Amino acid sequence: MRPERTTDPSEGGEPAGPRRVLRQELLLVLALSLGASAVGALISFTGVLTRPGGLSDQAATLNASHAPGRPWLDLAWQLFGITTQLVPVLLVAHLLLREGGAGAALGGPGPRAIGFDTRRPRSDLAFGAAVAAGIGGTGLLFYLGAHATGANLTVVPESLPDVWWKIPVLIASAVQNAVVEEVIVVGYLLRRLAQLGWTPGRALAASAVLRGSYHLYQGVGGFLGNVAMGVVFVWLYRRWGRVMPLVVAHALIDVVAFVGYALLAGRVDWLPTA
């Protein structure tokens with residue numbers, strides 16, 4: 001059993017405009033979102049490599065406190081960061097609504113073109129949960145193995161203070177990560193690359209390598225693990241024609257990682273901590 005599929009959203013239909021304009025649009029979206037994150041991750045990884053000690057002796061913190069000792073100010077910064085990082089997704093939705101040129105302004109397919117909607121909540125949740133169970137367990141084992149061999153930094157999913165908003169903020173951060181990454185690096189990127197004439201194989205490679213690149217701050221293991229995840233997610237997206245199950249899967253994976261670390265860090269021997 002699988003979600004009902006209509007058209008392949010990565011095929012993209014007719015180009016939304018001249019190829020030069022599409023290329024510029026794509027580069028601008030990436031520069032405002034995950035492309036910039038990839039460059040930042042590369043710089044961060046370069047800094048890690050030039051420090052004394054191995055990769056596993058250093059840490060990468062994902063959800064850190066922005067105002068230690070001032071919980072309400074810290075909460076304000078956390079919410080500000082989560083909401084502003086969703087702005088590129090709103091931009092992508094706007095651009096999809098404008099597909100077809102000025103004459104079709106706001107009359108394009110919108111987020112439905114990539115299956116980012118709530119038309120099939122049951123199947124999206126069911127298939128997303130199944131993907132999360134498979135990818136999440138495999139990913140944890142891969143991380144532990146990479147860390148043990150010294151190919152990965154110690155990933156610290158959270159270092160927030162023990163206050164009432166800690167778990168809700170971690171869940172919100174997980175959902176934000178999932179929405180931004182799957183909408184942009186899978187749905188939007190594949191659609192635009194198809195409209196630019198890229199072959200399916202080249203587009204898959206670009207999406208997977210981009211996903212790995214902005215996780216490079218975690219180390220070589222983080223890069224390779226996310227490239228593999230990117231290949232699987234592109235394949236599933238093309239099979240199902242919807243990005244929403246991938247958003248669900250990614251959100252569940254991150255929720256388990258963030259909240260699980262908050263509950264288990266320092267209490268179990270097998271979980272690396274900084």
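1. A salt bridge is a side-chain nitrogen of Lys or Arg lying within 4 Å of a carboxyl oxygen of Asp or Glu. The side chains of R192 and E99 meet in such a bridge, at 2.6 Å from N to O. This pair links distant parts of the chain, 93 residues apart: R192 belongs to helix α6 (residues 166–195), while E99 lies in the loop between α4 (87–97) and α5 (121–148). Helices here are DSSP runs (H or I, at least four residues), numbered from the N terminus.

2. The structure is a predicted model, in which local features need pLDDT of at least 70 and side-chain atom pairs count only at pLDDT 80 or more, whereas totals for chains, interfaces and linings use all residues. Residues are numbered from 1 along each chain as its sequence is written, and side-chain values use heavy atoms, with hydrogens and water left out.

3. Are the two partners in point 1 buried or exposed? Buried means under 20% relative accessible area, exposed means over 50%, and partly exposed is in between (1.4 Å probe, protein chains only). R192 counts as buried because its relative accessibility is 0%, and E99 is buried because its value is 8%.

4. How many salt bridges does a search of the whole structure find? The search gives 10. One of them joins D117 and R119 at 2.9 Å, N to O. D117 is buried at 10% relative accessibility, whereas R119 is partly exposed at 42%.

5. Aromatic pairs should be noted next. Rings of Phe, Tyr and Trp (its six-membered ring) pair if their centres lie within 6.5 Å; planes under 30 degrees apart count as stacked, over 60 as edge-to-face and the rest as tilted. The count comes to three aromatic pairs. Among them, W77 and F80 are edge-to-face, with 5.8 Å between centres and 85° between planes. Both residues lie in helix α3 (residues 71–84), three residues apart, about one turn of the helix. W77 is partly exposed because its relative accessibility is 43%; F80 is partly exposed at 47%.

6. Finally, G35 lies in helix α2 (residues 34–49) and counts as buried because its relative accessibility is 18%. The C-alpha atoms of G35 and L210 are separated by 7.5 Å, although these residues are 175 apart along the chain.

Technical notes:
Helix = DSSP H or I, 4+ residues; strand = E, 2+ residues; numbered from the N terminus.
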